[in-house]
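Subject: Structure handover

Hi,

Here is the structure I promised to pass on. Please open it first, then read my notes below.

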Amino acid sequence: MEFALILPVFLMMTLAIVDGARIFNAYVSLTNGVREAALFAADGKGYLSFCTTVAGKAASPAVSVPCPAGTAAVNKVNDPDNIAYRIDAESSGMDASLVVLSKPSCDGTPCDSVSGVVTNVTVSASYPVGLFVTSLPVIGSVWGNPVMLSATTTARVLP
């Protein structure tokens, strides 16, 4: 009788721990990807290379991080020479097609409209993580469903 009463509690705790681990893994992957993308963007003129030339995917290797909204054709380059590829390379365990990449910012203005010397570049992205325990309102109300993760990194542009 006691086992029947305590089993749902243990099952809920187990699923909550699994969801917490999935959220943490996605957060680490997103943060590493954005950090890697910012370092790439800060190297030379990397901040002008947002995403791949092929809509959503490149022939080899395949990149599934979508381009930021309104990206001009001049800011789309072949993989692996772009910001989206760097995030995709670090997205283990994530559905990279759900990553929302923002246009990089150069000294506070969008990089595609900047002219002159750039000193800092900022890369940011967000990612939704759906929960396993959606039927338990307690967990969903605490974490939200989906859990929205975001990461932002600023790097100094090399001369």
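R22 is partly exposed, because its relative accessible area is 29%, and buried means under 20%. Keep in mind that this is a predicted model.

**Salt bridges**

How many salt bridges does a search of the whole structure find? Two.

One of them joins the side chains of R22 and D19, at 2.9 Å from N to O. R22 and D19 are three residues apart in helix α1, so about one helical turn separates them. R22 is partly exposed. D19, in contrast, is buried, because its relative accessible area is 0%, below the 20% cut-off.

A salt bridge also links K103 and D112. Here the closest N and O atoms are 2.9 Å apart. K103 has a relative accessible area of 28%, so it counts as partly exposed. D112 is partly exposed too, at 32%.

As background, side chains of opposite charge can pair when their charged atoms come close.

Helix α1 covers residues 2-41. I6 lies in this helix. I6 is also part of a nonpolar surface patch, together with F3, L7, V9, F10 and M13. The patch has an area of about 580 Å². Is I6 buried or partly exposed? I6 is partly exposed, because its relative accessibility is 36%, which falls between the 20% and 50% cut-offs.

R35 is in helix α1 as well. Its relative accessible area is 41%, so R35 counts as partly exposed. Now look at R35 and V123 together. They are 88 residues apart along the chain. Their C-alpha atoms are separated by 7.9 Å.

**The largest pocket**

Rolling a probe the size of a water molecule over the atoms shows where empty space is left. The largest pocket has a volume of about 150 Å³.

Which residues line the largest pocket? The lining is made of these:

- G44, K45 and Y47
- G116, V117, V118 and T119
- V157, L158 and P159

By class, six of the lining residues are nonpolar, three are polar and one is charged. K45 is the charged one, because Lys belongs to the charged class.

Best wishes

Notes: Residues numbered from 1 in each chain as written. Predicted model: local features only at pLDDT ≥ 70, side-chain atom pairs only at ≥ 80, totals over all residues. Heavy atoms only, no water. 1 Å grid on protein atoms, 1.4 Å probe; cavity = no way out; pocket = protein on both sides within 12 Å on 5 of 7 lines; lining within 4 Å. Points joined across faces, edges and corners; volume = space filled by probe spheres on them. Patch = residues over 30% accessible without salt bridge, like charges linked within 9 Å, V, L, I, M, F, W, Y side chains within 5 Å. Areas by Shrake-Rupley, 256 points an atom, 1.4 Å probe, with all protein chains shown as cover. Salt bridge = Lys/Arg side-chain N within 4 Å of Asp/Glu carboxyl O. Helix = DSSP H or I, 4+ residues; strand = E, 2+ residues; numbered from the N terminus. Buried < 20%, exposed > 50% of the residue type's maximum accessible area, 1.4 Å probe, protein only.
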